[in-house]
Amino acid sequence: MAAAAAVAAGARRRAAALFLSSVVRHQSSQSTSLQQGLVAKTSLTSPPWPEVKLPDPVEEAKYHTEVVQKVNKMIATGQYGRLFAVVHFASKQWKITSEDLIMMDNVLEAECGDRIRMEKVLLVGADDFTLIGRPLLGPVAFESITSKPSSSAPADSNDCHGARREQQPPFLRKDLVRVEATVIEKTESWPKINMRFRRRHNYQRKKIIMNPQTVLRINTIEIFPCLS
């Protein structure tokens, strides 16, 4: 009888220990969940940049169509005011408009009085719109359009020949914008003296540097309504 009582007491102790361990585990899980719910939000709980919401493709395409139609109408009617352009010429970028004079330290094959065309046009714009190349405005390319009265982002489109943007080089078409200039003078720069001297060595060298210069007059900046 004593052995049976001892076995029963051991069984009760084991059952009580299991019950206590299960209660402790349940309480610890509840405490961790409460602690997680009470954690304060800091700069590390969320990214520091604001959430970016992409525009609706349908609304973006609709907006792009409206902007293209508006710009084409302004170009066709000539209601765009004075045009300006940014061209790449003689390894430099020049912001020009009609009747501007630019002087470059370079030699051109053209003679005085010759009329040349600047084909590497990076940007052309007016008071209410700007056409931006990627990076140039040239043969068979895609145009990026920005309209000043609106704050929406510009949208991509096809060119006049129906070519996709992914298949196009980074130029705008030659028939979209035309910049012409005239060579009015070919001269030399003011002389620069390069002197080298070493004291107590009877060494002295003098060199006069004169670089060729060319002066151009911007005749016209023309734009044509062929955006699509």
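**Figure 1. Burial of E180 in the predicted model.** In this predicted model, E180 is buried, its relative accessible area being 13%. This value falls below the 20% limit that separates buried from partly exposed residues. A salt bridge links E180 to R115, with 2.6 Å between the closest N and O atoms. E180 belongs to strand β8 (residues 177-188) and R115 to strand β4 (residues 115-118), so the contact ties together parts that lie 65 residues apart in sequence.

**Figure 2. The salt-bridge network of R115, R178 and E180.** The side chain of E180 also meets that of R178 in a salt bridge, at an N to O distance of 2.6 Å. R178 counts as partly exposed, with a relative accessibility of 29%, whereas E180 is buried. Through shared partners, salt bridges join R115, R178 and E180 into one network. The count of salt bridges comes to 2.

**Figure 3. Strand β3 and its pairing with strand β11.** Strand β3 spans residues 101-104 and has two faces: I102 and M104 form the covered face, while L101 and M103 form the uncovered one. In a regular strand, side chains alternate between the two faces of the sheet. Strand β3 pairs with strand β11 (residues 212-223) in the antiparallel sense, over 4 bridges. Within β11, R217 is the bridge partner of L101. L101 is also one of the residues on the uncovered face of β3.

Figure 4. Strand β10 covers residues 203-209 and has the highest mean pLDDT among the elements of the chain, at 95.

Figure 5. The chain has an average pLDDT of 77, and 65% of the residues score at least 70. Among the elements of the chain, strand β7 (residues 144-147) has the lowest mean pLDDT, 45. Over residues 139-147, pLDDT stays under 50, and the model has 52 contacts beyond four places in sequence for this segment. Residues 149-171 likewise stay under 50 in pLDDT, with 57 contacts beyond four places in sequence. Where pLDDT is low, the predicted coordinates should not be read in detail.

Conventions:
Residues numbered from 1 in each chain as written. Predicted model: local features only at pLDDT ≥ 70, side-chain atom pairs only at ≥ 80, totals over all residues. Heavy atoms only, no water. Buried < 20%, exposed > 50% of the residue type's maximum accessible area, 1.4 Å probe, protein only. Pairing = 2+ DSSP bridges. pLDDT = per-residue confidence, 0-100. Contact = heavy atoms within 4.5 Å. Salt bridge = Lys/Arg side-chain N within 4 Å of Asp/Glu carboxyl O.
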